[in-house]
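Let's take a friendly walk through this structure together. Keep the sequence at hand as you read.

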Amino acid sequence: MEEVEMLNDNILRVADLLEQIQDVNRMIELHQGDDDLLMHHQ
């Protein structure tokens, strides 16, 4: 039973990380058209 709980925790963590990556990708797409070089360097 403990293995199942650990697996569920890992799945939730991976899902959270994937959501964070998708948020970053959206921000990158949003700012790709910007002429602000500072945003490109960040």
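What follows moves from the overall picture to the charged side chains.

A word before we start: this is a predicted model. The protein chain has 42 residues, and 2% of them count as buried. Its fold elements are quickly listed, with two helices and zero strands. The accessible surface of the protein chain comes to about 4,300 Å², and carbon and sulfur atoms account for 57% of that area.

Now let's turn to helix 1, which covers residues 2-31 and includes glutamate 3. Is glutamate 3 buried or exposed? Its relative accessible area is 66%, and because anything over 50% counts as exposed, glutamate 3 falls in the exposed class.

How many salt bridges does the structure hold? There is one, and it joins the side chains of arginine 26 and aspartate 23, with 2.4 Å from N to O.

How open are the two partners to the surroundings? Arginine 26 has a relative accessible area of 49% and is therefore partly exposed. Aspartate 23, at 36% relative accessibility, is also classed as partly exposed.

Note on methods: Residues are numbered from 1 along each chain as its sequence is written. This is a predicted model: local features need pLDDT of at least 70, side-chain atom pairs count only at pLDDT 80 or more; totals for chains, interfaces and linings use all residues. Side-chain values use heavy atoms; hydrogens and water are left out. Helices (H or I, at least four residues) and strands (E, at least two) are DSSP runs, numbered from the N terminus. Buried means under 20% relative accessible area, exposed over 50%, partly exposed in between (1.4 Å probe, protein chains only). Accessible areas come from the Shrake-Rupley method with a 1.4 Å probe; for residues, only the protein chains shown count as cover. A salt bridge is a side-chain nitrogen of Lys or Arg within 4 Å of a carboxyl oxygen of Asp or Glu.
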